[in-house]
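Hi everyone, thanks for coming. Let me put the structure up, and then we can walk through one of its chains together.

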Amino acid sequence: MSKKLANAYLILVFAVLYAPIVFLIVYSFSQGETMTNYHGFTWRHYQTLFSDARMLAIVANTLLVALLSSLIATLIGTWGALGINRTTKRVTRESLLTLNNVLMVSPDVIIGASFLIFFTMLKIPLGFGSVLMSHIAFEIPIVVLMVLPRLREMSSSMLDAAEDLGATTRQLLTQVIVPFISPGIFAGFFMALTYSLDDFAVTFFVTGNGFSTLSVEIYSRARQGINLEINALSGVMFLFSLLLVGGYYWIQQASQKRKHRKREVAS
Amino acid sequence: MRAVTKRRTWLYFIPYGLWLALFVVAPVALIIYQSFFDLGHHFTLGNYSTYFQSATYLKMTLNSVWYAFLITLFTGLISYPTAYFLHQLKHRQFWLLLVILPTWINILLKAYAFIGIFSQAGLANQFLTFIGIGPQQILFTNASFIFVATYIQIPFMILPIYNSIDDLNPAFVNASRDLGASNWQTFRRVIFPLTLPGVKAGVQAVFIPSLSLFMLTRLIGGNKVITLGTAIEEHFLTTMNWGMGSTIGVILIVAMIIVMTLTGDKKPKGGAPR
Amino acid sequence: MKRLLSLIIGLLAVCGLLAYTSQSLEKSSGSTGSKVLNLYNWGDYIDPNLLTKFQRETGYHVNVETFDSNEAMYTKINQGGTHYDLAVPSEYMVSKMKRAHLLQPLDKSRLTGWGNFDQQFLNQSFDRGNRYSMPYFWGTLGIVYNDKMVKASEVQHWDDLWSPKFRDKIMLIDSARDIMGMSLVTLHKSMNTTDPQTLLAAEKRLNTLAPNVKAVVADEIKMYMIQDEAPLAVDWSGEAAEMLAGNSHLHYVVPREGSNLWFDNLVIPKTAQHYNAIYAFLNFMSEPKNAAQNAEYIGYATPNKKAKALLPKSVRDDQEFYPDQKTVDHLQVYRDLAPNIVELYNDRYLEFKMHH
């Protein structure tokens, strides 16, 4: 009974989470021009999308920035979380955490404007590089926030035991710590990806020289009303990420099963 | 061995410390610096006195804190059971990824979708008509604003809570049951306290950004809810009074420090299972 | 750990692939090389077919970058680090940029289409003699109403909005200057007033409108009006044109007693580099045929007289978007006010928003 209740609850939550997305995708097939009044089925918006080289280039740019920045931010953030976790003084740790969170609390406009001032002061050209650096910058704090709780859970006795067994720092890190905190690292990576894909204000301020991302394009189009081409694009990207996630999970499952079987055979 | 690892601690901080210096300390210094200048670029304390003497800003601050609190509360109430039940599923990692997936769709687009769903002729009202309540004004109410804001924040809360549940050692739960605790007692005394770090991480990831929400206040709330985010947006992008905007930014940072201190981890007490 | 490493390598490979894709896509659309023009424009504010045509005729490829507010664009150009050849600010922003020495004067001797423009839209207060700007589109501020719920005769004037029968029925565009300006018109004051007392009176007047205000929104107002969410809205003509296209029950009125006349203009920022391309583009866009095509695509009113003549009669004679001379005479162009006055407008407006 409680199992059923739990499932019903989850179904409800997922229904709400996906309702707006289904709405967007349904309208990407509407013959109208806006997300009002469904006008009958068409593939037209998808045709427009795939013949729009500028838009496709923007999509590639967006994904490139998102993946690369999340990757680098995850590396730096995990490293930083390890460092924070090692500080013994509570004051140091708290102040580090506070500094860490500054970028999360500051509204995007402020961050964007100050990054812009910063880049132009250092004469860093605006474009792909500046956008990438900014994205890395505002993604790091969320990675730290995701990794840190996991590190705290790690018992020091486990580390001591490993050290007593003669593990070097390097072994300790690669064979004990990182495997243990990897769920936190993954969570951090995915959240970083989310932040990157969603960001408009910061990207807007620090971009230039022809480089643009999807969010900037969507926001600046709002004055003319959002085109259903954008809906079609969201639909494609959503399906693509769904396939990616599903595929990745399936491969992982398969390999785990194989390992499992091997282990059973071995024992 | 210990000494070696100790000495190497600073190595960890090279990339992270560089980031802190370049992208956190420098911008914060800039923001604080700017907050002392007025529109004519003269040094002044006027921005702060304006802030603390104006009923408008104080009311706005209270508003922001109140709404951020409500959003965090609802997000937490919805997310905790979701994370908990998700963790019991067979393909739980897959489902967890499905929780994150919707966040990859642009927020402006999702807001437009909600406008479509909540409007007079939208799906929500069709449903209400169908069950006999009849169409209601849903958009531009505080409830719809909180709903959509909660919707946006849910994944950011589920993830850390899920992770902390994942870390939970089932031995503690079993021990508690063996000692005759009821499900509720086990939850209240064992599971919840042990997953608190996740909840705290979630609160930090949700409450702090909620203080400065601005776009949803207009799109869904119809500007009936005015938060500090709205004011900052206006100062930076309409009046171009960066001094006043930075002042509010400084105040947000201070508010964040307060939140961090409140949710920060205290020294574990004597009997904590560790 | 091994799995983690292979994941990282995999991600890097994907990144490389994406970089290659974006490079080749950009090359195929020809955006690299020296024959380019960097246009900084509002999103979706030019017919893309015209850009292709321009490249075919002149060989210049147009790189479009987009912004979503005048102020954001100003910050970008002011801060430097960019290379925009042309930008599209609104009228008050032209004078602000002029004052900040961000603009370069137009070389009229290189402009061939100047005679195509309607005299009444040239030589405006924001740029006397059009030394720096060429008008792109123009429009007004007015009332959009839905004839299913409101009769035309009920909303001919700004004062009509204050009627108690419109309780909770009006949507306002979220713009301090415009909403304060509307209130000022009903008080028979200038939309450019700098008197704090008058502005206070305008706020008081707005506060009495608060019960009728359903929401204060921005771009999404179009979607709301098309969906019959509200019967009345105060918005710009450009936005109204979009709404009318999406819902045949909607109409647009410019109150005769006065309203705002706005312009979007092409200007050459300090950062410009490709002068031949700039003048080729300005001349191309002022050709009647091209201007007309653009006006049909965007749906805004063109200041190009000869282009207007090429538009379908139904558009040309549309009183809603090309109002008669009498109405035009009462329209006021926003002047670029001193920063502290702009601040005053915004503070009063913010108080009004907090009030309702």
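Chain C is divided into domain 1 (32-138 + 263-316) and domain 2 (139-261 + 322-355), with bounds from an automatic or database domain assignment. Please keep in mind that this is a predicted model, where local features need pLDDT of at least 70, side-chain atom pairs count only at pLDDT 80 or more, and totals for chains, interfaces and linings use all residues. Residues are numbered from 1 along each chain as its sequence is written, while chains are lettered from A and ligands numbered from 1 in the order in which they are written.

Back to our two domains: the C-alpha centres of domain 1 of chain C and domain 2 of chain C are 27 Å apart. Where they touch, 13 residues of domain 1 of chain C are in contact with 12 residues of domain 2 of chain C; contact means C-beta atoms, placed from the backbone, within 7 Å. On the domain 1 side, α4 (91-99) and β5 (133-146) of chain C each give two or more residues, and α4(C) has the largest share, 4 residues. Helices here are DSSP runs of H or I, at least four residues, and strands are runs of E, at least two, numbered from the N terminus.

Now the chain as a whole. Chain C has 14 helices and 11 strands. Its C-alpha trace spans about 65 × 65 × 45 Å along the principal axes.

Finally, the neighbour: 39 residues from chain C meet 42 residues from chain A. On the chain C side, α1(C) gives the most, with 12 residues.

Terms used:
Two residues are in contact if their C-beta atoms, placed from the backbone, lie within 7 Å.
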